[in-house]
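Reader: I've got a model open on my screen and I'd like to learn how to read it. Can you walk me through it, feature by feature?

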Amino acid sequence: AVLAGLERGRFNIACGDLGLGLLVRATSGLAPRATPLMDLVVLPLIACVAFVYRRVWDSIVLREATKAPPPPVEEAPPAEEA
């Protein structure tokens with residue numbers, strides 16, 4: 001699949017998973033574009049999806065972090081005098 005994609009001029013190849021495909025399109029950087037018109041349509045969609053995902057995951061992490069008990073504080077051993 002990788003060699004076939006390179007022969008078609010695709011330098012960033014995803015495995016077929018929609019989420020991974022969106023991630024590849026969003027992070028392809030300055031690599032040559034095989035489908036520039038599709039990228040113009042998909043990239044704004046990726047930005048909206050990423051905004052929602054980030055908000056959802058931030059709320060989940062904050063909720064779980066407030067449930068967890070604080071870690072125990074260990075005291076340093078006394079310094080030895082020479």
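Author: Start with secondary structure: helices (H or I, at least four residues) and strands (E, at least two) are DSSP runs, numbered from the N terminus. Here the protein has three helices and zero strands, giving the pattern α-α-α along the sequence. This is a predicted model, where local features need pLDDT of at least 70 and side-chain atom pairs count only at pLDDT 80 or more, while totals for chains, interfaces and linings use all residues. Residues are numbered from 1 along each chain as its sequence is written, and side-chain values use heavy atoms, with hydrogens and water left out.

Reader: What share of the residues count as buried?

Author: Buried means under 20% relative accessible area, exposed over 50%, and partly exposed in between (1.4 Å probe, protein chains only). Of the 82 residues, 9% count as buried.

Reader: How do I read salt bridges, and how many does the whole structure have?

Author: The general idea is that side chains of opposite charge can pair when their charged atoms come close. The cut-off: a side-chain nitrogen of Lys or Arg within 4 Å of a carboxyl oxygen of Asp or Glu. A search of the whole structure turns up two. In one, Asp 58 pairs with Arg 54, with the closest N and O atoms 3.5 Å apart. Both sit in helix H3, four residues apart, about one turn of the helix. Asp 58 is partly exposed at 37% relative accessibility, whereas Arg 54 is exposed at 59%.

Reader: And which residues meet at 3.5 Å, N to O, in a salt bridge with Lys 67?

Author: That's Glu 64. Glu 64 and Lys 67 are separated by about one helical turn because they are three residues apart in helix H3. Glu 64 counts as partly exposed at 42%, and Lys 67 as exposed at 57%.

Reader: Which residues form a nonpolar patch on the surface?

Author: Patches are made of residues with over 30% relative accessible area and no salt bridge; like charges are joined within 9 Å, nonpolar side chains (Val, Leu, Ile, Met, Phe, Trp, Tyr) within 5 Å. Here Leu 45, Val 49, Tyr 53 and Trp 57 form one, with about 440 Å² of accessible area together (Shrake-Rupley method, 1.4 Å probe; for residues, only the protein chains shown count as cover). Trp 57 belongs to helix H3 and is exposed, with a relative accessible area of 51%.
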